[in-house]
Amino acid sequence: MGSVEEEQFLIEQGLTQEKLKLYAEDGSIDINGNPPLKQRTGNWKACPFILGNECCERLAYYGIAINLITYLSAELHQGNVSAARNVTTWQGTCYITSLIGAVLADAYWGRYWTIACFSSIYFIGMSALTLSATVPYLKPSDCIGDFCPSPTTPQYLTFFLGLYLIALGTGGIKPCVSSFGADQFDDKDPSERVRKSSFFNWFYFCINIGAFGSFLLVLVQENIGWGLGFGIPTVFMGLAIISFFFGTPLYRFQKPKGSPITRICQVLVASFRKTSLRVPEDATLLYETETQELIVASRKLEHTDDYKYLDKAAVLSLEEARSLEFSNPWSLCTVTQVEEVKILIRMLPIWASGIIFSSVYAQATTMFIQQGRAMNCNIGSFKLPPATLGVFDCITVLIWVPLYDRFNVPVAKLLTRNNDNGFTVLQRMGIGLFISVFGIAAAAVVETVRLGTAESGTDVSLTVFWQVPQIFIFGAAEVFYFVGQLEFFYGQSPDSMRSVCSALGLLANALGSYLSSLILTVVTYFTTKDGGDGWITDDLNEGHLDYFFWLLAGLSILNALVYVFSAVNYKQKTTS
């Protein structure tokens, strides 16, 4: 009789296990708050709406960003240095505001509602920018001969209000969209975990589909008008919002899990309060909850031996051991919570590599365009706007992403014996850093040749298509570094801090843009303080932009070497 009961029990257990496999097991919920059925939610079924949103949003963003320096120079009548500084400062703000969206998503609203809210702000900013280029009262006056009147205060206010509302909107959604897309794949399902890695490749592919479309907008802006050139991106931002909401019934949602900043501060405060306590040699004596369910914010993390001072936050004091009172997180933290802070500290050197990379990459939308404007842009009777050459960057990415996913990964698996993705994420990012050195060096060589042609006094100037190689090289660097960065910050981040860690990658981009502005300012100061024209002049034929590019190449080499040292010593996250 006992054997019959045991058999019945095993059958019921088997049925329960089979039933569990029907649902995602990563703690996500569906739109109704229930465990999501794998066959009806998430995975690639939900991703087209997220990818469509990203594609349209990127077209809207790049439709503004890619030719912004031309608008500032030609319409607001700013000089080269001032216009470049305004562009990189705005780009930096677009990234730094991602911290706001990340904290709100992880702590309070969740990624879905954060995207919805900031998309609305984004659309308002796009509309204001369009009005500033359309309404006569708000539109800057044209130059009369050599005299270019300064824009009025209302014109400046409307333009920059719209521009910085866009920065707030795009920053708010940036750390959430890629993470929300990755949330559609169950970490505990091996097959879905592999698809997640592929998702990041195709996510970046869609970014560049949107960017590719934006180059047609450059032609509209410079040949038809800026009002229509800004209005079309506004329409696409509306389409991005519609695409996102259409997928709502198919999405899997992760609940907000409390403020990551609070969790970090609790560890720092608790470890400081227990400075006098000694960390036990046996790590099992450190405080950790008994069951996974009690860890509200993330899966358990295994203890590591570095940064031992922080372990003091998980040491039980005599008073806590006697009273069995473990409810004050400002005095006692779990090992998992301590390890979350350690992970963030370990990420910092890898994160910092993105600052130099982004400052160099920022030249693609600033000094590369100004370099192109000083070259021969004519194709027969048609004058090609230099900003449209960035289309070659997009073409490179659109070629490289499927090539990487379908060819590089299988070949790299054979060479590296890494059965997941061929190259590790850190190897992929390192390859991107070294490729970028060749990109900026190519720009320096082209500028040297261009200056030589200009100084020779001949009527034939260098064709703008000489810029194509440097742009192609940067496209390859992007695919390796930026896609690897997306995957690194999502994969290595604690469960409770995924949006925040994604924002860290964007913060590196922000600081890179600000660093580019700082380098421009410092270079201009030191190269003009003795009364000289300087390296970067309004007439580039009188300057030495090639020296500036070689300076960035030197910084890139140093950055890549520091990165290699940091990557070799990086300790991967481990869960229990």
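Start by selecting Glu447 and Arg450, which form a salt bridge with their closest N and O atoms 2.8 Å apart. (A salt bridge here is a side-chain nitrogen of Lys or Arg within 4 Å of a carboxyl oxygen of Asp or Glu.) This is a predicted model, in which local features need pLDDT of at least 70 and side-chain atom pairs count only at pLDDT 80 or more, while totals for chains, interfaces and linings use all residues. Residues are numbered from 1 along each chain as its sequence is written, and side-chain values use heavy atoms, with hydrogens and water left out.

Now show helix α15 (residues 425-455): because Glu447 and Arg450 are 3 residues apart in it, about one helical turn separates them. (Helices are DSSP runs of H or I, at least four residues, numbered from the N terminus.) Both Glu447 and Arg450 are buried, meaning under 20% relative accessible area, with exposed over 50% and partly exposed in between (1.4 Å probe, protein chains only).

Next, pick Asp306, Asp311, Glu339, Lys342 and Arg346, which salt bridges with shared partners join into one network. Zoom in on Glu339 and Arg346: their closest N and O atoms are 3.6 Å apart, and both residues are buried. The count of salt bridges comes to 11.

Then colour helix α12 (residues 335-361) and helix α16 (residues 468-492). Their axes come within 12 Å and cross at roughly 155°, so α12 is roughly antiparallel to α16. (Axes are lines fitted to C-alpha atoms, for helices over the stretch in contact, with angles from 0 to 180 degrees between N-to-C directions; over 145 degrees counts as roughly antiparallel.) This crossing is left-handed, that is, the near helix is turned anticlockwise from the far one by less than a right angle.

Move on to helix α2 (residues 43-65) and helix α6 (residues 153-182), whose axes come within 11 Å and cross at roughly 155°. That makes α2 roughly antiparallel to α6, and the crossing is left-handed. While in α2, select Glu54 and Arg58, 4 residues apart, about one turn of the helix. They form a salt bridge, closest N and O atoms 3.9 Å apart, and both are buried.

Last stop: the surface. Select Phe434, Ile557, Leu561, Val564 and Val568, which make a nonpolar patch of about 450 Å². (Patch residues have over 30% relative accessible area and no salt bridge; nonpolar side chains are joined within 5 Å.) Helix α18 (residues 545-568) gives the most, with 4 residues. Ile557 sits in α18 and is partly exposed, at 41% relative accessible area.

Conventions:
Patches are made of residues with over 30% relative accessible area and no salt bridge: like charges are joined within 9 Å, nonpolar side chains (Val, Leu, Ile, Met, Phe, Trp, Tyr) within 5 Å. Accessible areas come from the Shrake-Rupley method with a 1.4 Å probe; for residues, only the protein chains shown count as cover. Helices (H or I, at least four residues) and strands (E, at least two) are DSSP runs, numbered from the N terminus. Angles under 35 degrees count as roughly parallel, over 145 as roughly antiparallel, 65 to 115 as roughly perpendicular and the rest as oblique.
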